[in-house]
Amino acid sequence: MMNDANEISHHTMLYGFIGENAGQSSLCATMNKLFKANNKNAMMIPMNIREDDFYYTLVNMKKSHVNGALLAREYTKSVVEILDDASEIVKSSGVCDMVVRDGQKLFGDLVFPSALVSVLKKREVKKIALIGINGYAKAFSLAADGLEVSYFYDDLEALMQFVLQMQRQNADVNRIAEGMSVEFGGYDAVLDFSDFESLDMVRSLGGLNLDMKGKKEPSVLKARAEELGVSYIGFDAMLEEMTQEIFRFLQEKRHLEDDKSDMKF
């Protein structure tokens, strides 16, 4: 287990949290408390990496003592081309937020969608409005079994192609764009995965409103939620579920054990 000084030895399983501003998040501290509580000799450290250095950081990980890394949102697309193999959800969505090293190979998976589903189910959310069609919207759609999801985007043709690709038969698709009046009051939750510059067209929001933005990142959903006086949750409010999902993932892959011979992807 980690000792009281949280010292790293050559037996410690070392993981990074890679992002442009990784050090501003308390994710590593939360993750390390979980490692210690479960008597695991493992540690996660923040790694502030610029975009220009990201590729070399990941490639060099193959020959380093770092066993894996969680990736901040800004790097979840660019990592896919570096991977040696990946889970089906990564291949389908085109995004990856968790990388682990086995020998000199990197394997990628996604943990945030499962953590988000856990957040929603804990709060007994059933009916969801999802805004956007990016990779995380795809990943959430694939992970959202048992949830009733309605889809929103400004380009209706692109949205129709999205739901067909996700094999969502008879999906509820809706247009949301500037100049419209959109009501989300009938939904338990609103998830914003869009790159919209404003949500001024939204007249009411859900009981719970979530996106992936860090506490110091600008969020149009947060801004609109504050204007309407409703609840908002960003990435940092989901750290408990996120770290639990990372721990579950590492245990499932036997990455916290001495014997990794049957590591599965």
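## Helix packing, sheets and asparagines in a predicted model

The structure is a predicted model, in which local features need pLDDT of at least 70 and side-chain atom pairs count only at pLDDT 80 or more, while totals for chains, interfaces and linings use all residues. Residues are numbered from 1 along each chain as its sequence is written, and side-chain values use heavy atoms, with hydrogens and water left out.

Helices (H or I, at least four residues) and strands (E, at least two) are DSSP runs numbered from the N terminus. Two packed helices are described by the angle between their axes and the distance between the axes. Axes here are lines fitted to C-alpha atoms, for helices over the stretch in contact, and angles run from 0 to 180 degrees between N-to-C directions.

**Two helix pairs**

H4 covers residues 112-122 and H5 covers residues 135-143; their axes come within 9 Å and cross at roughly 60°. The crossing of H4 and H5 is right-handed, a label used when the near helix is turned clockwise from the far one by less than a right angle, with left-handed for anticlockwise. On the H4 side, Phe 112, Pro 113, Leu 116, Val 117 and Leu 120 make the contact, and they meet Tyr 136, Ala 139, Phe 140 and Ala 143 in H5. Contact means heavy atoms within 4.5 Å. The contact of H4 with H5 has nine nonpolar residues, no polar ones and no charged ones. In this classification Ala, Val, Leu, Ile, Met, Phe, Trp, Tyr, Cys and Pro count as nonpolar, Asp, Glu, Lys and Arg as charged, and the others, Gly among them, as polar.

Helix H1 (residues 27-37) packs with helix H8 (residues 239-252) at an angle of about 50°, and their axes are 9 Å apart. H1 is therefore oblique to H8. The crossing of H1 and H8 is right-handed. H1 contributes Leu 27, Thr 30, Met 31, Leu 34 and Phe 35, which meet Leu 239, Met 242, Thr 243, Gln 244, Ile 246, Phe 247 and Leu 250 in H8. By class, the contact of H1 with H8 holds nine nonpolar, three polar and no charged residues.

**A six-stranded sheet**

Six strands form an open sheet in the order S2-S1-S3-S5-S6-S4, with mixed pairing. Two strands pair if DSSP finds at least two bridges between them. Strands S2 (42-48) and S4 (85-86) stand at the edges with a single partner strand each, so one side of each has no neighbour in the sheet. Strand S5 (residues 98-102) runs antiparallel to strand S6 (residues 105-109), and five bridges join them. Lys 105 in S6 stands opposite Asp 102. Helix H1 packs on this sheet, where H1 touches strand S1 (13-19), S2 and strand S3 (66-71), and the direction of H1 makes about 170° with that of S2.

Strand S3 includes Asn 67. Leaving aside residues up to four places away in sequence, Asn 67 touches Thr 12, Met 13, Leu 14, Tyr 15, Val 100, Arg 101 and His 255.

**Strand S11 and its partners**

Strand S11 (residues 189-192) runs parallel to strand S7 (residues 127-131), with four bridges between them. Ile 128 has Ala 189 in S11 as its bridge partner. S11 also runs parallel to strand S13 (residues 208-210), through three bridges. Here Ala 189 has Leu 208 in S13 as its bridge partner.

In a regular strand the side chains alternate between the two faces of the sheet. In S11 both faces are covered: Ala 189 and Leu 191 on one side, and Val 190 and Asp 192 on the other, are all buried. Buried means under 20% relative accessible area, exposed over 50%, and partly exposed in between (1.4 Å probe, protein chains only).

**Asparagines compared**

Most residues other than glycine have a negative phi. Asn 39, in the loop between H1 and S2, has a positive phi near 55°. Asn 170, in the loop between helix H6 (156-165) and strand S9 (172-175), also has a positive phi near 55°. Asn 41 lies in the loop between H1 and S2, and its C-alpha atom is separated by 28 Å from that of Ile 82, 41 residues apart along the chain.

| Residue | Relative accessible area | Class |
|---|---|---|
| Asn 39 | 49% | partly exposed |
| Asn 41 | 26% | partly exposed |
| Asn 67 | 7% | buried |
| Asn 170 | 80% | exposed |

Definitions and conventions. Angles under 35 degrees count as roughly parallel, over 145 as roughly antiparallel, 65 to 115 as roughly perpendicular and the rest as oblique.
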